[in-house]
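Below is the thing I'll be looking things up in.

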Amino acid sequence: CTHNLQINDYASYRGMLVISGISNISKQNDHIFTSSDGLCSVWAGTIDDLWNMGKPVGQGGPWKDDDVTANTASDPYLIGHYDNKTLKISHKSSNNVTITAEIDPTGDGVWMTYDTYTVKPDEEKVVKLPKGNFAKWIRFKSNQNTNITTWLIYE
């Protein structure tokens with residue numbers, strides 16, 4: 001995503017991509033259609049129109065100050081199609097915590113270990129991930145019960 005706005009819903013309609021959640025105070029744009037009462041606006045265009053807005057950037061992660069259970073995988077998090085990817089890992093344990101990153105390279109649900117990171121107490125480990133599409137999805141596991149953040153930044 002290249003903005004900090006919430007998309008309420010999206011759909012494909014007659015070959016077009018339609019996105020709701022557009023503010024009625026949005027700039028004049030040939031892709032924005034507003035109801036006659038001004039209470040609802042949608043964006044409509046093609047996938048190529050999205051690429052014309054700039055490359056995808058954003059940030060987020062499957063764990064944000066979450067209490068996690070040892071050896072239980074996080075939800076999968078989309079990592080494919082972003083150029084520059086940085087992973088930041090931190091935790092609130094008084095011990096070292098080992099985080100395993102698993103990837104699904106093709107999006108077919110087959111997971112493999114990508115790397116393992118040992119993070120010290122009060123440390124924020126910063127990892128530059130490879131450029132290009134080395135995986136579609138990523139998820140994480142902790143070796144112990146603790147509170148963890150695995151945050152991804154896409155630039």
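I looked up the mean positions of the 14 positive and 18 negative charges of the chain, and they are 6 Å apart. Lys and Arg count as positive here, Asp and Glu as negative, and His and the chain ends are left out. Each charge is placed at NZ of Lys, CZ of Arg, CG of Asp or CD of Glu.

Ground rules, before I go on. This is a predicted model, where local features need pLDDT of at least 70, side-chain atom pairs count only at pLDDT 80 or more, and totals for chains, interfaces and linings use all residues. Residues are numbered from 1 along each chain as its sequence is written, and side-chain values use heavy atoms, with hydrogens and water left out.

**Whole chain**

I looked up the secondary structure and got 1 helix and 12 strands. In sequence order I read β-β-β-β-α-β-β-β-β-β-β-β-β. The radius of gyration is 19 Å, well over the 15 Å that the globule rule gives for 155 residues, so the chain is more spread out than a compact globule. That radius is taken over C-alpha atoms, and the rule is 2.2 Å times the number of residues to the power 0.38. The C-alpha trace spans about 60 × 30 × 25 Å along its principal axes.

Next, the surface. I noted an accessible surface of about 9,600 Å², with 50% of it belonging to carbon and sulfur atoms. The areas come from the Shrake-Rupley method with a 1.4 Å probe, and for residues only the protein chains shown count as cover. Of the 155 residues, 32% count as buried (under 20% relative accessible area; exposed is over 50%, partly exposed in between, with a 1.4 Å probe and protein chains only).

Contacts (heavy atoms within 4.5 Å) came after that. Among those between residues at least 6 apart in sequence, 70% join residues at least 24 apart.

What is the relative accessible area of F140? I found 0%, so F140 is buried. F140 sits in strand β11, residues 137–142. Beyond neighbours within four places in sequence, F140 has contacts that include P62, W63, L87, I99 and T150. I also checked F140 against K88: 52 residues apart in sequence, 12 Å apart C-alpha to C-alpha.

A73 is on the contact list of F140 too, and I found A73 in the loop between β5 (58–68) and β6 (77–78). A73 is partly exposed because its relative accessibility is 31%. Neighbours within four places aside, A73 touches R139, F140 and K141.

**T86**

Strand β7 (residues 85–91) holds T86. T86 has a relative accessible area of 6%, so I put T86 down as buried. Which side chain does the side chain of T86 make a polar contact with? The partner is K128, at 3.3 Å. A polar contact is a pair of N or O atoms within 3.5 Å; within protein, one must be able to donate a hydrogen and the other to accept it, and residues adjacent in sequence count only if both atoms are side-chain atoms. Away from neighbours within four places, W151, L152 and I153 are among the residues in contact with T86.

D104 is in strand β8, residues 97–104, and is buried at 2% relative accessibility. A polar atom of the D104 side chain lies 3.3 Å from the backbone nitrogen of T106. Contacts of D104 past four places in sequence include G109, W111 and W137.

S93 belongs to the loop between β7 and β8. Buried or exposed, this S93? It's buried, at 12%. The side chain of S93 reaches the backbone nitrogen of N95 at 3.1 Å. Neighbours within four places aside, S93 is in contact with P121, Q144 and T146. S93 and Q144 are 51 residues apart along the chain, with C-alpha atoms 9.2 Å apart.

**Positive phi**

Most residues other than glycine have a negative phi. R14 has a positive one, near 50°. R14 is in the loop between β1 (10–13) and β2 (16–20), and is exposed at 73%. N71 also has a positive phi, near 60°. The loop between β5 and β6 holds N71, which is exposed at 59%.

Technical notes: Helices (H or I, at least four residues) and strands (E, at least two) are DSSP runs, numbered from the N terminus.
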